[in-house]
Amino acid sequence: MAEDKRIAVGSDHAAAEVKDRLVAHLLDLGWEVKDFTEIVDGKADYPDPAHKVAQAVTKGDFPKGLLLCGTGLGVSYTANRYHGVRAALCLDEEYAKLAREHNDSNILVMPGRAKIYAPHERILDAWLNTPFSGDPRHVKRIEKIELLPPDLLPCNRSGKGTPATGANAGEDDEVFLHGKDRNYTYDEYCEIVDLAMAADDRGDIDEYNRITLSLPLHPVIARKMKLFKGKDYLVEIGADLTEANLVFGEGWLDAAEN
């Protein structure tokens, strides 16, 4: 399969010069670039481009993102509040390689002013050219990032959960989760989780899949809810039992079947 060479980019004013240089570098490499930077009167607050790039990635509009600010810290704080975003602040090529190989980072973050230990272009190239290993150990750890239950999520003004996207579904209903075909408020998401868990408890895989089909991170949610109930289902999805043991731990199959 050909690589999807589209990337969302953004920076604050402090890193704008470096960002422009990296955009030119990306274009030379054949990447399609969408620049979300907006500098007004010489200023741009770092959360603004970070929200736009993170939304573009979490909604699936772009497979990768690049963010910069003076230190790289502010944009990384902002981007990592989004479901499915793994924004990695990288200061050299080794950071960049490990961020991709071990953590499947989908947004690269670099400082525009703070000290780094390799040229920006080399860090970017290392990040772009390193694939995710797919090692079950790393898959398991990445999935755990997203496993915060709804009742433990922080609350917004309405007490119904913090919007994951910063966008609005309407004037009153804040978006909690961007699905594949629609957006979900916090209450709708909780209802779907309850229905899906009930279907899982009944062992009704078809109903579980129907309920969760439009949600992002479907494989993550499926594993969280322990959908893997037995050997027949492992065969059905083409999973390898040895790999499953690595992901879920020895004895998970006996526990699921009892």
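Asp4, setting aside its neighbours within four places in sequence, is in contact with Trp31 and Pro63 in this predicted model. The residue sits in the segment before β1, and at 33% relative accessibility Asp4 counts as partly exposed. Although Asp4 and Pro63 are 59 residues apart along the chain, their C-alpha atoms are separated by 7.2 Å. The side chain of Asp4 also makes a polar contact, at 2.8 Å, with the side chain of Arg6, a residue that belongs to strand β1, which spans residues 6-11.

## The sheet

Five strands, in the order β2-β1-β3-β5-β4, form an open sheet in which the pairing is parallel. The edge positions are held by β2 (32-35) and β4 (87-89), each of which has a single partner strand, so that one side of each is left without a neighbour in the sheet. On average, and with direction ignored, neighbouring strands of this sheet are turned by 20° against each other. The pairings for which bridges are described here are set out below, each with one pair of facing residues.

| Strand pair | Bridges | Residue pair |
|---|---|---|
| β1 and β2 | four bridges | Ala8 and Lys34 |
| β1 and β3 | five bridges | Val9 and Leu66 |
| β3 and β5 | five bridges | Leu67 and Val109 |

Helix α1 (residues 16-28) touches β1, β2, β3 (64-69) and β5 (107-111), and its direction makes about 165° with that of β1. Helix α5 (residues 120-129) likewise packs on the sheet, where α5 touches β1, β3 and β5, and its direction makes about 165° with that of β5.

How far is β3 enclosed by the rest of the structure? Six of the six residues of β3 are buried, and the strand is therefore largely enclosed. In a regular strand the side chains alternate between the two faces of the sheet. Both faces of β3 are covered, with Lys64, Leu66 and Leu68 buried on one side and Gly65, Leu67 and Cys69 buried on the other.

Leaving aside neighbours within four places in sequence, the residues in contact with Ser11 are Ala16, Lys19, Thr37, Ala44, Pro49 and Leu68.

## Nonpolar cores

The largest nonpolar core has 23 residues, and those with the most contacts inside it are Leu26, Leu66, Leu108, Met110 and Ile123. At least two residues of this core are supplied by each of β1, α1, β3, α4, β5 and α5, and the largest share, five residues, comes from α5. When residues up to four places away in sequence are not counted, Leu108 touches Gly65, Leu66, Leu67, Ala88, Cys90, Ile123, Leu124 and Trp127. Apart from this core lies another, of 17 residues, which includes Val53, Leu67, Val75 and Ala87.

## Helix α4

Which residues of helix α4 (residues 93-101) are buried? They are Ala96, Ala99 and Arg100, and because they cover an arc of only 90° around the axis, they lie on the same side of α4. The elements that cover the buried residues of α4 include β3, β4 and α5. The N-terminal end of α4 is capped by Asp92, which has a side-chain oxygen 3.1 Å from the backbone nitrogen of Glu94.

## The chain as a whole

The secondary structure of the chain comes to 12 helices and seven strands, and of its 258 residues 47% count as buried. Among contacts between residues at least 6 apart in sequence, 62% join residues that are at least 24 apart.

Terms used: Residues numbered from 1 in each chain as written. Predicted model: local features only at pLDDT ≥ 70, side-chain atom pairs only at ≥ 80, totals over all residues. Heavy atoms only, no water. Pairing = 2+ DSSP bridges. Axes fitted to C-alpha atoms, helices over the stretch in contact; angles between N-to-C directions. Contact = heavy atoms within 4.5 Å. Buried < 20%, exposed > 50% of the residue type's maximum accessible area, 1.4 Å probe, protein only. Arc of directions from axis to C-beta. Polar contact = N/O pair within 3.5 Å; in protein donor to acceptor, adjacent residues only side chain to side chain. Core = buried A, V, L, I, M, F, W, Y, C linked by side-chain atoms within 4.5 Å.
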